[in-house]
Amino acid sequence: MLVNRGLLQHGRLCYHPDMTTHAEKRFVPFTPEQIYDLVADVRQYPAFLPWCIAARIRSQSEDNLTADVHIRVRMCRESFTSYVALDRERLEIEVEYAEGPFKYLKNKWVFIDADGGCIIDFYVDFEFNSRLLQSVIESLFTEAVKRMVAAFEARAHALYTPKLG
């Protein structure tokens, strides 16, 4: 198992031969509700997430949505559909794979109130059906995770005033 402890301040990156996995906890100076709202707003992903070129909500209720996300990484362009469980009371978001280029995709966000802000507890693991796409993503994975996390944080700074003390 390869572990890159320098990925993010409190992050860890783990590699498994069949899946690409990342888990981290990260402090941000915003309320858990603000970050929850930011992550739950899938329609806005193309405006700030690298490689996300389009997002469409197929269906939505108060606590669930089904979303199509279109990504472009280098020469590869893919679309996938996910089921998203939204739990505003517990400030948790869980994503399950529905259809597309993955063999498997699971993603979970938990937003924890902390002094002066919020701790984001983030987890994702996935494997693509295509060995070519999997190898492209694996070669870019560390950089992709850094850019994705930075994009969410930059978006929060653009939308919200940081929480003080």
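View 1. The bridge partner of Asn64 in β5 is Ala85. The model is predicted: local features require a pLDDT of at least 70 and side-chain atom pairs a pLDDT of 80 or more, whereas totals for chains, interfaces and linings use all residues. Residues are numbered from 1 along each chain as its sequence is written, and side-chain values use heavy atoms, with hydrogens and water left out. Strands β4 (residues 64-73) and β5 (residues 76-87) run antiparallel and are joined by 10 bridges; two strands pair if DSSP finds at least two bridges between them. Helices (H or I, at least four residues) and strands (E, at least two) are DSSP runs, numbered from the N terminus. The β4-β5 hairpin has 2 residues between its strands, and Arg74 in the turn has a positive phi of about 55°.

**View 2. The hairpin of β5 and β6.** Strand β5 also pairs with strand β6 (residues 92-99), in the antiparallel sense, over 7 bridges. Val84 stands opposite Val95 in β6. This hairpin has 4 residues between the strands, and Leu91 takes a positive phi near 55°.

**View 3. The salt bridge of Arg88 and Asp37.** A salt bridge is a side-chain nitrogen of Lys or Arg within 4 Å of a carboxyl oxygen of Asp or Glu; the count comes to 12. The side chains of Arg88 and Asp37 meet in one of them, at 2.5 Å from N to O. Arg88 belongs to the loop between β5 and β6 and Asp37 to helix α1, so the pair ties together parts 51 residues apart in sequence. Arg88 is partly exposed at 41% relative accessibility, as is Asp37 at 35% (buried means under 20% relative accessible area, exposed over 50%, partly exposed in between; 1.4 Å probe, protein chains only).

**View 4. Asp68 and its arginine partners.** Asp68 forms a salt bridge with Arg56, the closest N and O atoms being 2.5 Å apart. Arg56 lies in strand β3 (residues 52-60) and Asp68 in strand β4, so this pair ties together parts 12 residues apart in sequence. Asp68 also forms a salt bridge with Arg58, with 2.9 Å between the closest N and O atoms. Asp68 is buried, with a relative accessible area of 6%, whereas Arg56 is partly exposed at 46% and Arg58 is partly exposed at 41%.

**View 5. Phe111 in the largest nonpolar core.** A nonpolar core is a set of buried Ala, Val, Leu, Ile, Met, Phe, Trp, Tyr and Cys residues joined through side-chain atoms within 4.5 Å. Of the 46 residues in the largest such core, Ile35, Ile93 and Phe111 touch the most other members. Helix α3 (residues 131-159) gives the most to this core, with 10 residues.

**View 6. Confidence along the chain.** The chain averages a pLDDT (the predictor's confidence in each residue, from 0 to 100) of 83, and 87% of the residues score at least 70. Confidence is lowest in strand β1 (residues 11-16), at a mean of 39, and highest in helix α1 (residues 32-40), at 97. Over residues 1-18 the pLDDT is below 50; beyond near neighbours in sequence, this stretch has 34 contacts (heavy atoms within 4.5 Å) in the model.
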